[in-house]
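Please look over the structure below. This report then walks through a few of its local features.

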Amino acid sequence: MTVDGPKLKSIVVAGLGTAVSTVDETFIDYVCGVLTEEANAGHGSSELIETLSPFLVDASVVPGEAEAEAMCTAIIDGMNDAGMIKAKTKILKTLDSAVNLSKIGISEKVTGVTDWMKPDERISNVNKEALAKNEDRYQLRKEMRVQREERKKERKSAAIQALNALKDQQAAIANTFKQPTIVGRDIKAEKFSLAYGKMDLITCSDVTIVYGRKYGLIGRNGTGKTTFLKSITNRELPVPANISLLHVEQEIDGTDTTVVQAVLEADVERERLLAEERRLIAMGDEDKTHTSAQLVKVYADLDAIDAHSAEARASAILVGLGFTAENQEQPTKEFSGGWRMRIALARALFIQPDLLLLDEPTNHLDLFACLWLENYLQSWGKTLIIVSHQRDFLNAVCTDIINLHSKKLDFYRGNYDAFEKIRYERLKQQQKAHDAQQSQRKHIQKFIDRFRYNAKRAKMAQSRIKKLEKMDLIPEIMNDPTVVMEFLEPEILPPPILQFQDASFGYSKEKNLFRRINLGIDMGSRVALVGANGVGKTTLLKLLCGELEPTEGHALRHGKLKFARFSQHFVDQLDLTQSPLDFFMNKYAGVNQQVARAHLGKFGLSGDLALRTINTLSGGQKSRVVFAIISWPKPQVLLLDEPSNHLDIETVDALTQALNNFEGGVLLVSHDERLISHVCDEIWYFDETEEGDREVKIFDGDFDDYKRQVWNLAM
């Protein structure tokens with residue numbers, strides 16, 4: 001059967017669809033050649049699919065066999081419509097004479113006898129040289145992909161190995177250089193109170209922090225968690241003088257000091273001894289005997305603090321927090337605030353103070369760094385107090401929970417899940433005791449009212465009055481006001497509202513950051529965008545909302561589409577001298593004050609909170625102000641970059657509920673497992689190509705699968 005070459009080529013191009021942009025002319029010519037050869041040989045659709053499918057998968061044109069078969073079927077349907085192939089039917093052929101196969105010897109020439117058993121051979125029109133080059137090229141690309149995946153695995157494996165080596169090293173140091181037990185490393189205070197200005201945050205609470213325990217400090221936004229940590233840092237809580245403590249609350253300054261050196265310099269004692277060593281060596285032959293004796297003492301002191309392994313330990317911590325060997329030799333001034341915060345965290349982990357205070361340590365970390373830190377802190381042998389909104393992190397790390405509630409510090413043994421169970425039982429018992437006491441008081445009061453003025457029973461009435469006065473009241477359970485968040489309902493737009501078609505982007509013409517993006521968002525989309533810091537998540541958000549445009553391909557947006565973007569950058573731009581109400585009304589001039597207050601109330605900013613200056617609000621309350629601001633125009637799509645940072649656990653739950661109720665599309669950039677698992681049904685991730693740029697793909701699985709993959713790749 002004759003095959004029309006140009007017509008076949010157009011069918012192949014149509015069948016490849018959007019994937020045609022990923023291949024070159026040589027590839028298309030090769031596919032056309034294979035199809036021509038198979039059609040001329042009289043092969044049907046099943047043989048064509050069997051021949052072509054593996055090649056499409058190996059060349060990475062499609063991700064799997066099912067997609068390859070669908071693509072082949074589309075091409076074959078086109079060939080059938082054009083009359084290039086026919087469905088094979090079984091045709092019986094009558095032999096001219098009987099053939100006795102047992103009489104055919106191996107040495108005989110059987111060509112003539114078996115002509116009926118095989119089809120006629122036809123001359124192939126495939127360019128053999130081009131075919132060979134094409135196959136070599138795709139084999140090379142396949143090998144490069146495998147090598148790239150191996151490099152990724154090696155990088156993460158290095159972090160895990162460094163973590164294990166660090167744990168072994170710490171254990172060895174503890175055994176070899178074990179210090180005598182220090183008496184009084186627990187922190188105790190009775191009737192501790194704390195205020196911020198005229199506002200009481202903690203009143204008459206007994207505090208006991210046991211050395212070696214790991215505490216999770218939880219409580220609503222604005223209750224005083226960060227202020228409590230600062231009071232410990234300032235030793236307003238009676239911390240024994242022999243306890244070293246460190247509060248990681250702000251990034252280090254950017255200087256010419258390299259990252260690894262900035263971590264090493266955190267060990268003040270080591271730096272002092274090294275400086276003394278340099279001074280003594282520089283003295284030369286002056287009083288050589290005395291100098292030698294001093295050097296011996298310096299070296300003994302350096303050995304005692306295991307100074308020889310300091311660089312290895314510092315490097316291991318930095319690797320776990322995402323710094324490559326090259327990054328560690330770069331000046332700190334070349335890193336953003338988030339990365340300099342990681343350096344501050346690395347310094348704290350390196351010097352290992354007796355008491356380490358961490359305020360939302362996972363806010364600036366990607367998923368792998370969070371998992372690494374979680375694993376590292378599990379073996380932390382000293383006292384640790386963490387403020388965190390991530391339940392899974394608190395469950396994995398903490399041995400105790402401190403709940404700051406109703407201006408009291410309540411201590412619970414166990415992780416967060418255990419805290420929830422114990423607190424529920426405590427509150428149930430307290431409410432039962434309160435109800436019983438109220439019933440008893442009511443009965444006593446009834447007796448007093450009845451017999452107070454009865455001469456015979458006045459003495460008994462007076463006795464009961466005294467009993468009431470001496471009775472310690474059991475407080476009624478006062479539930480916190482439910483945190484409310486409610487996004488306004490947008491105008492419904494028909495799909496597609498946002499679509500990328502073969503979109504590529506780069507900040508320079510020489511190099512793309514992304515290429516061949518073929519993804520979209522509709523009103524019902526619930527997408528989690530995941531990936532390491534620096535891969536381009538924020539840039540992709542800007543592409544989605546139109547702040548940036550593709551350098552190649554197209555970004556198709558509905559004419560009425562409105563976006564709302566949330567990021568920490570917007571929180572930092574709030575006018576701290578204004579109240580949330582004033583800030584909102586200045587942003588949206590002409591809005592009635594009552595309407596504005598009602599809208600702020602949808603995000604838990606009612607009453608006094610709406611009138612306080614923003615600088616007095618907690619980090620989570622400031623975030624709620626931004627949520628209220630960006631939701632007012634009724635956007636169809638929410639683009640949220642780490643929205644749970646600084647929110648308390650209850651507010652994260654409220655945000656989860658609000659996003660599930662929202663009628664528009666949602667794209668989250670987050671590593672909060674609970675938030676993603678309860679909101680998102682699709683995960684986008686970044687896949688590096690051979691050219692060094694990235695593709696954005698849909699992950700086949702849920703967030704638990706992705707989390708396991710990220711960690712297992714490093715094992």
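S406 sits in the loop that links β7 (400–405) to β8 (408–413). Helices (H or I, at least four residues) and strands (E, at least two) are DSSP runs, numbered from the N terminus. This is a predicted model, in which local features need pLDDT of at least 70, side-chain atom pairs count only at pLDDT 80 or more, and totals for chains, interfaces and linings use all residues. Residues are numbered from 1 along each chain as its sequence is written, and side-chain values use heavy atoms, with hydrogens and water left out.

S406 has a phi near 55°, a positive value in a residue other than glycine. K407 lies in the loop between β7 and β8 too. Its phi is near 65°, again positive in a residue that is not glycine.

| Residue | Relative accessibility | Class |
|---|---|---|
| S406 | 52% | exposed |
| K407 | 42% | partly exposed |
| C204 | 47% | partly exposed |
| C680 | 14% | buried |

A disulfide is a covalent bond between the sulfur atoms of two cysteines. How many disulfides does the structure hold? It holds 0, where a disulfide is counted as a pair of cysteine sulfur atoms within 2.5 Å.

## A cis bond

P495 and P496 are joined by a cis peptide bond, with omega about -5°. P496 belongs to the loop between α16 (458–470) and β9 (498–505).

## Two packed helices

Two packed helices are described by the angle between their axes and the distance between the axes. Helix α12 (residues 337–351) packs with helix α13 (residues 367–378) at an angle of about 15°. Their axes are 13 Å apart. Axes are lines fitted to C-alpha atoms, for helices over the stretch in contact, and angles run from 0 to 180 degrees between N-to-C directions.

α12 and α13 are therefore roughly parallel to each other. That term covers angles under 35 degrees; over 145 is roughly antiparallel, 65 to 115 roughly perpendicular, and the rest oblique.

Which residues make the contact? From α12 come R342, L345 and L349. From α13 come A369, W372, L373, Y376 and L377. Contact means heavy atoms within 4.5 Å. By class, the contact of α12 with α13 has 7 nonpolar, no polar and 1 charged residues. Ala, Val, Leu, Ile, Met, Phe, Trp, Tyr, Cys and Pro count as nonpolar, Asp, Glu, Lys and Arg as charged, and the others, Gly among them, as polar.

Key. Buried < 20%, exposed > 50% of the residue type's maximum accessible area, 1.4 Å probe, protein only.
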